[in-house]
Amino acid sequence: MNIHSFLADDNQQSKQYKYVLDTTNKLQDRSTSDRSESIFEDSDLRSCALRLAQQGHYTEAIALLTQLICRHPDNAVDYNNRGLIYFQSGERQKALYDYNTALKLDPYLASAYNNRANYYATCGELAVALADYDQAINLNPRHVRARINRGITWRDLGQYEEAIENFEVALLFGQLEGHIWAERGKTYHLWGDWNCAIADYRRALTQLPSLDNSKDITGYRLRLQLENRLNELLSESAS
């Protein structure tokens with residue numbers, strides 16, 4: 001559920017993909033050699049892995065992060081990132097293992113609690129998910145994504161008032177307003193307050209990328225969903 005902006009233009013993406021594949025092969029060829037002699041900087045590999053994951057090339061992204069973990073087996077962030085990519089690729093048990101490993105290495109890593117909570121929420125373990133979202137927010141009160149996810153989970157539990165209050169607090173941080181208004185609007189929609197839902201959907205649409213800009217994939221998909229919901233509400237209100 002986290003939002004990143006790692007996409008480049010098509011030609012650059014193609015060059016990056018070839019570059020990372022070559023990098024992966026070289027690293028695998030060197031896997032039995034002295035690990036202290038790094039062909040590429042760790043930061044370069046992390047950036048490439050995130051770009052590949054954003055493009056849907058999960059196997060290659062996981063391979064790069066696995067190389068980083070081999071270099072730095074005590075780095076909780078690399079386990080957390082690999083867990084996120086495992087989760088995105090549908091390998092949820094591997095994701096959970098990596099999240100747990102990350103939290104053993106660093107019990108104060110707020111993003112790992114948020115990611116693990118997403119795993120639990122997807123599995124329907126909403127109470128456990130809420131506990132992890134709470135922990136992420138306790139460690140980092142400005143973790144807006146965890147606040148949004150917690151609001152969604154409250155809504156899934158049918159606790160609409162708690163969800164609305166959660167989204168209103170999230171808005172105070174001035175981040176991801178389009179996503180927050182979208183989720184608050186959906187909560188009002190399900191709660192039966194169509195006027196508030198329509199107002200929030202319209203607010204959200206002013207913040208989300210236009211349909212001719214598909215680089216922000218998450219925002220682009222959310223805009224499509226919102227336009228459909230808004231049209232349905234307006235049609236039902238007019239009938």
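This is a predicted model: local features need pLDDT of at least 70, side-chain atom pairs count only at pLDDT 80 or more; totals for chains, interfaces and linings use all residues.
Biologist: Is T101 buried or exposed, then?
Modeller: T101 counts as buried, because its relative accessibility is 15%, and the cut-off is under 20%.

Biologist: Where is T101 found?
Modeller: T101 belongs to helix α5, which covers residues 92-105.

Biologist: Which backbone oxygen lies 2.8 Å from a polar atom of its side chain?
Modeller: That is the backbone oxygen of Y97.

Biologist: Changing topic, how many helices and strands are there in the protein chain?
Modeller: The protein chain contains twelve helices and zero strands. Buried residues account for 43% of its 239 residues.

Biologist: How do helix α10 and helix α11 pack?
Modeller: Helix α10 (residues 177-191) packs against helix α11 (residues 194-207) at an angle of about 160°, and their axes are 8 Å apart. The two helices are therefore roughly antiparallel, since angles over 145 degrees are classed that way. The crossing of α10 and α11 is left-handed.

Biologist: Which residues meet there, in α10 and in α11?
Modeller: From α10, the residues are G178, W181, A182, R184, G185, K186, Y188 and H189. They meet W194, C196, A197, D200, Y201, R203, A204 and Q207 of α11.

Biologist: And how many are nonpolar, polar and charged?
Modeller: The contact of α10 with α11 has eight nonpolar residues, four polar ones and four charged ones.

Biologist: Back to the protein chain: of contacts between residues at least 6 apart in sequence, what share joins residues at least 24 apart?
Modeller: The share is 51%.

Notes
Residues are numbered from 1 along each chain as its sequence is written. Side-chain values use heavy atoms; hydrogens and water are left out. Helices (H or I, at least four residues) and strands (E, at least two) are DSSP runs, numbered from the N terminus. Buried means under 20% relative accessible area, exposed over 50%, partly exposed in between (1.4 Å probe, protein chains only). A polar contact is a pair of N or O atoms within 3.5 Å; within protein, one must be able to donate a hydrogen and the other to accept it, and residues adjacent in sequence count only if both atoms are side-chain atoms. Axes are lines fitted to C-alpha atoms, for helices over the stretch in contact, and angles run from 0 to 180 degrees between N-to-C directions. Angles under 35 degrees count as roughly parallel, over 145 as roughly antiparallel, 65 to 115 as roughly perpendicular and the rest as oblique. A crossing is left-handed if the near helix is turned anticlockwise from the far one by less than a right angle, and right-handed if clockwise. Contact means heavy atoms within 4.5 Å. Ala, Val, Leu, Ile, Met, Phe, Trp, Tyr, Cys and Pro count as nonpolar, Asp, Glu, Lys and Arg as charged, and the others, Gly among them, as polar.
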